Amino acid sequence: MPPTIMRQPALTATASYLALESHAADARHWQLRALFAADPQRFPALTTDAAGLFLDYSKNRVDATTIALLLELARERGVEARRDAMFAGDKINLTEHRAVLHTALRLPRGAALTVDGQDVVADVHAVLDRMKEFSERVRGGAWLGHSGKPITDIVNIGIGGSDLGPKMVTLALRSYARPRLTTHFVSNVDGHDIDAVLGRVDPATTLFIIASKTFVTAETMLNAHTARSWFLASATEADLARHFVAVSTNTAAIKAFGIDPANMFPFWDWVGGRYSVWSSIGLSVALAVGFGYFSDLLAGAHAMDEHFRTAPLETNMPVLLAMTGFWNRQFLGCATLSIAPYHQDLSRFPAYLQQLEMESNGKRVTQSGAAVDTPTCPVVWGECGTNAQHAYFQLLHQGTDVTPIDFIATLRATHDLPGHHAALLANCFAQSEAFMKGKTADEVRADLQGGALTAAEIEALVPHKTFPGNRPSNTILMDQLTPLSLGALIALYEHKTFVQGVLWDVNSFDQWGVELGKVLAQQIQSELTGAPAPQRHDSSTNGLILMAKAAQHI
Ligand code: F6P
């Protein structure tokens, strides 16, 4: 019996939204410089810490009233009740009739959570125990390839949540990895991706993890079959069991592929793909860094879960991050959000957040199917500082759009090279200051006066050298990038995404928007590789297909 979908009042009709709208009419004229000048307590007032993370949201165009009104809206939209329903295992993914329980994946052993009569925590820890045992055997050299040699290379084949999470985390925790094992990731259906990896590894010492929740995803299945054929060129079917393991919810499909179910690490339909790095999808992480550090990652996330679940909204970090982002999107008209990790090992974090936020909240109808009445998820993008500074920060400082930025940095480095970390942090803090303050025309004039330029030359330069400032940012700090702090950071953004989904009343846990392209790609693939000429498309698509057929002589 499908769950009843309660129609929420339209967002713009809620009392607190209306109050925010009239507040915003004023706030749009505020200058961050003036807000800081007027209140020396702004930094302590608009910062919070949790689970080893510190959030400075004082460089947003908000004051205490804005925050109070935003939290009123969160309450009016039922954020607390929805949060409790998620943690309790209610089937809040209404279009797929599923619970949303990635938080259960990081519950400590012995915690109590029963869903549909099933002890979820016991199930989770049974799989974790198998991951521990398996990763220790592979890392310790006890798991041997078919020719008796230990494994040297792990190749994770997956896409979307079955790739982005493990890849981002493995890179972020690079300094915790064991050098003897190299981890590779193949995701793209583009054969250049797997070709490059297969060219670097030895089949006798390579372990493939086929990671797919559904085990039907076209890209992953093609890559998995390519890997299998490549392996079988120098081994027998009987050897597959030493070199192929699967991470999936689909036992029948992994059997059909030829993987021994004993080599399958299961998870459950209540784990969304983009929320799955904590499940057996994280097997490549456990292999790369060891099960102990993988457990720390889970513990860091659990600490953030507990904070999100119990802290008052006024100091609740995911809620505050969500609400300031919502303010920028709804009331200041910011269409994108840029993520700037000032840590090279977080270079895949922006890509990870793209799936997390945009696949979750890139929706245009509410849970009951009505059209939303405000914009929803901003476009999320980004790149590591300081590289980003020398590429696109020009536009962020002086372009015509205002782009909020999340700066993410660690107070201490994990290397001990002199000079680098102070230079990195100096750049991070300087950028958030520059975005906030800008540089006025008078300040530009004062800089230029007394030099070699004439008054006319100075005036000609002034508009070019002026910075409007007043550009919002958050700064997230942690002591060091560790499995614990990384776990907390990922969970922070998961819960931020959840809160914003509740505000917009969208289903943050389905992704129907990826289906149309999949179906069309299947049709076009048969036209590209088969005899019939394309007919059913528009003239552009037909023309492109014919060009490709001509080039490939098909
Ligand atoms: O097509 C989108 C998607 O369903 C993502 O949500 C998911 O993370 C990805 O494909 C991979 O899915 P699977 O793990 O089932 O192969």
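Is Phe-215 buried or exposed, and what is its relative accessible area? In this predicted model, in which local features need pLDDT of at least 70, side-chain atom pairs count only at pLDDT 80 or more, and totals for chains, interfaces and linings use all residues, residues are numbered from 1 along each chain as its sequence is written. Side-chain values use heavy atoms, with hydrogens and water left out.

Phe-215 is buried, with a relative accessible area of 3%, where buried denotes under 20% relative accessible area, exposed over 50%, and partly exposed the range in between, with a 1.4 Å probe and protein chains only. The residue is found in the loop between strand E7 (206-211) and helix H9 (218-232), these elements being DSSP runs numbered from the N terminus, with helices (H or I) of at least four residues and strands (E) of at least two. Phi of Phe-215 is near 60°, a positive value in a residue other than glycine. A positive phi of about 50° is also found at His-97, again not a glycine, in the loop between helix H5 (79-88) and strand E3 (114-115); His-97 is partly exposed, with a relative accessible area of 41%. Most residues other than glycine have a negative phi, and most peptide bonds are trans. The peptide bond from Gly-385 to Thr-386, however, is cis, with omega near 5°, and Thr-386 is placed in the loop between strand E11 (379-382) and helix H16 (393-398).

The ligand is surrounded by 14 residues, of which the closest are Gly-161, Ser-162, Ser-212, Thr-214 and Thr-217, a residue being counted if one of its heavy atoms lies within 4 Å of the molecule. This shell divides into 2 nonpolar, 9 polar and 3 charged residues, with Ala, Val, Leu, Ile, Met, Phe, Trp, Tyr, Cys and Pro counted as nonpolar, Asp, Glu, Lys and Arg as charged, and the others, Gly among them, as polar. An N or O atom in the side chain of Ser-212 is 2.6 Å from an oxygen atom of the ligand, a polar side-chain atom of Thr-214 lies 2.6 Å from a ligand oxygen atom, and a polar side-chain atom of Gln-355 lies 3.1 Å from an oxygen atom of the ligand. Of the 400 Å² of accessible area that the ligand has on its own, the protein covers 88%, as computed by the Shrake-Rupley method with a 1.4 Å probe.

Elsewhere, Lys-549 is placed in helix H22 (residues 539-552) and is buried, with a relative accessible area of 6%. Lys-549 and Ala-533 are 16 residues apart in sequence and 9.1 Å apart in space, C-alpha to C-alpha.

Terms used
A polar contact is a pair of N or O atoms within 3.5 Å; within protein, one must be able to donate a hydrogen and the other to accept it, and residues adjacent in sequence count only if both atoms are side-chain atoms.
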